[in-house]
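User: Hi! I have a two-chain model open and would like to go through it with you. Could we take it one question at a time?

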Amino acid sequence: MKSSWSTDRAGMTRKIASIGAYIGISLFFLFAMVPLWWVVMTSLKFPQEVLQYPPTLYPHSLTFSNYEVVWNRAPLGRFMLNSLIQTGPTVVTTVFLAAMMGYAFSKHRFFGRDFLFLVVLSSMMLPVIVRIIPMYLMMSDWKWVNTYQALIIPELTTGFQVFMMRQFMQTIPDELIEAARIDGASEPRIFFTLMLPLVTPAIAAMVIFRFMYMWNYFLWPLIVIQNMDMRTLPLGVALFQARYTVSYQLLMACSVISILPILVVFMFLQRHFIRGVTLTGIKV
Amino acid sequence: MFVSKSRLRRWWTWRQRWGSLLLFLGPGLVFFSLFHFYPVGQNIYLSCVQWNILSLRKAKTFVGFANYVYIFKDPVFIKTVINTIVFSVWTVGATVVFGLILATLLLRVCPWIRTTVRTVVFVPVIALTVASAVVWKFMFQINFGLINYLLSFIGLGPYAWLNDFVLALPAVIIMGIWRDIGFTMVLFLAALLQLPQQYYEAADIDGANDAQKWWHITLPLIRPITMFVVVIQIIKSFQVFTQVFVMTRGGPGDATRTIVQYIYETGFVYWNMGAASAMSIFLFGVVLFMTVFQFKYFGEAIRY
């Protein structure tokens, strides 16, 4: 009798705890969701409805004209193309170079390796703004201001990616590499046919991580790009917001359009996105 | 004959070894040197000379630490340092604590709710920061903003938020928390899902309740990942720029001006490169110090 009473009590506590968990989660969910809801709803309203108080939580009369107006007034397609041209080569090269360096740092022994690695690693803590003034002078010396190469070339390496690649490659047993070396495989061959296939999950994660970073990259393009035609998507959105400060329905439509491409990619590759973020943290 | 062949062979392997090292490290190191290491050196040099854009390439005079003295006498710079620290403390603290709480709660609910909530909370992480800032700027708007409307239900406001000297920085901080909470949550959730179960079973036998288990088992076990999250968030938040640039441009007054925003203005609006370089070297020093300090004093991972 007594024991059944105590299990009842335990079940009760568990139930209360679980209800508490649901309430807590709902609060976080609302916090994340409200701005997303608000931006989509506002983008579907007529201007009069946007400026009325109290605000309506959903459009009482629905319109898609804001999207049409935004698309016609701002060359968002061009901005997206620029962003793609910037992001594509950067992502591929960064990950490839990082894989090569990670291989050297994890599977080769040479004098000064750990020191060199530490130096490369320290660039992780290097704020972007520290690099920007000298890089801008460099770009203007080279006449690279307002060019794609100015967006791409300086961003081809990051300490973070090298660090992660080394971490992953350290988990691959040395015996495998040694066996291949004894069989007479050349180093490039070992790297391409043995190492790269073994770290495919890591490569996928690194690609996604770099893509997220570059797609969002704002500070350096802001400084090195001054032409309208060369603006990347974040610069374009910022410019649009500066021009149409109070046309909220247009600003919201513009924001939605800017989020759509990466959101579609995210929906299809969600698993890899989450894994991309988690892999980077878990291995430390 | 045999000896010379062996020497040849040794030379060959030596050559191949260093050759391949050069091949693997060379290209990367070139880019690192050009766009990471050289800029740091150049920046240190620039922070010790007096110049402006009119004499861009010529006539730089060495002034030692004068630029550093200048920036620390500049009340605006001091204000931006304080703003950045306030922003960092709040966003790092809130994203780490709330991210961990949310991840813990998500463990207790059924998988489809977990996945759905994770997806929605992660959308701000992938959205363009510029676009999110535009949205929040509208939400904080005094007359038609959603936040003032919601606050009116509990009898508060309306507040001017981004035009208010006191509330502007909290507004930017709230946006920062919203943006990053999905990131920390996902990291913590992955860590929690991987925790070994035997400690919890042992604790069950000892009759520990959930809170005790969380405090005495979960927290120590996820300490390494917590460290990592804190360091990454600090490095990120000390460089906050985009949302401030879009939402307030540093205003009203200097209420939300951050270090990076001020460096940007000093360097590329007023073309005072010496001061801008000195500030950026200072920022680098702070970030480096915080990271090293953290790894040194809180870094040792507890192994069980």
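Predicted model: local features only at pLDDT ≥ 70, side-chain atom pairs only at ≥ 80, totals over all residues.

User: Leaving aside its neighbours within four places in sequence, which residues is G159(A) in contact with?

Analyst: Residues are numbered from 1 along each chain as its sequence is written, chains are lettered from A and ligands numbered from 1 in the order in which they are written, and side-chain values use heavy atoms, with hydrogens and water left out. Contact means heavy atoms within 4.5 Å. With neighbours within four places in sequence set aside, the partners of G159(A) are V120(A), S123(A), M124(A) and F32(B).

User: Is G159(A) buried or exposed?

Analyst: G159(A) is found in helix 8 of chain A, which covers residues 159–170. Helices (H or I, at least four residues) and strands (E, at least two) are DSSP runs, numbered from the N terminus. Buried means under 20% relative accessible area, exposed over 50%, and partly exposed in between (1.4 Å probe, protein chains only). G159(A) has a relative accessibility of 4%, so it counts as buried.

User: How far apart in space are G159(A) and V50(A), C-alpha to C-alpha?

Analyst: In sequence, G159(A) and V50(A) are 109 residues apart. From C-alpha to C-alpha, the distance between G159(A) and V50(A) is 46 Å.

User: What is the radius of gyration of chain A?

Analyst: The secondary structure of chain A consists of 15 helices and zero strands. The globule rule gives 19 Å for the 284 residues of chain A, and the value for this chain is well over that, so chain A is more spread out than a compact globule. The radius is taken over C-alpha atoms, and the rule is 2.2 Å times the number of residues to the power 0.38. For chain A the radius of gyration is 25 Å.

User: And what radius of gyration does chain B have?

Analyst: Chain B has 13 helices and two strands, and its C-alpha trace spans about 90 × 65 × 30 Å along the principal axes. A compact globule of 304 residues would have a radius near 19 Å. The radius of gyration of chain B is 26 Å.

User: What area is buried between chain B and chain A?

Analyst: The size of an interface is often given as the accessible area lost when the parts come together. Here buried area is the accessible area (1.4 Å probe) that two parts lose on being put together, summed over both. In this model, 97 residues of chain B are in contact with 102 residues of chain A. Carbon and sulfur atoms give 82% of the buried area, which is about 8800 Å².

User: Which residues of chain B lose the most area to chain A?

Analyst: Three residues together account for 9% of what the chain B side buries. They are F24(B), F35(B) and L128(B).

User: Which residues is R17(B) in contact with, leaving aside its neighbours within four places in sequence?

Analyst: R17(B) is found in helix 1 of chain B, residues 2–46. With 38% relative accessibility, R17(B) counts as partly exposed. Beyond those sequence neighbours, R17(B) is in contact with R109(A) and F110(A).

User: How many residues of helix 13 of chain A are buried?

Analyst: Helix 13 covers residues 233–243 of chain A and is mostly covered. Among its buried residues are L233(A), P234(A) and F240(A). Of the 11 residues in helix 13, the number buried is nine.

User: What is phi of K143(A)?

Analyst: Most residues other than glycine have a negative phi. K143(A) is found in the loop between helix 6 (128–141) and helix 7 (148–152) of chain A, and at 68% relative accessibility it counts as exposed. K143(A) is not a glycine, yet its phi is positive, at about 60°.

User: Is N146(A) buried or exposed?

Analyst: N146(A) also has a positive phi, near 65°, in a residue other than glycine. Its place is in the loop between helix 6 and helix 7 of chain A. With a relative accessible area of 18%, N146(A) is buried.
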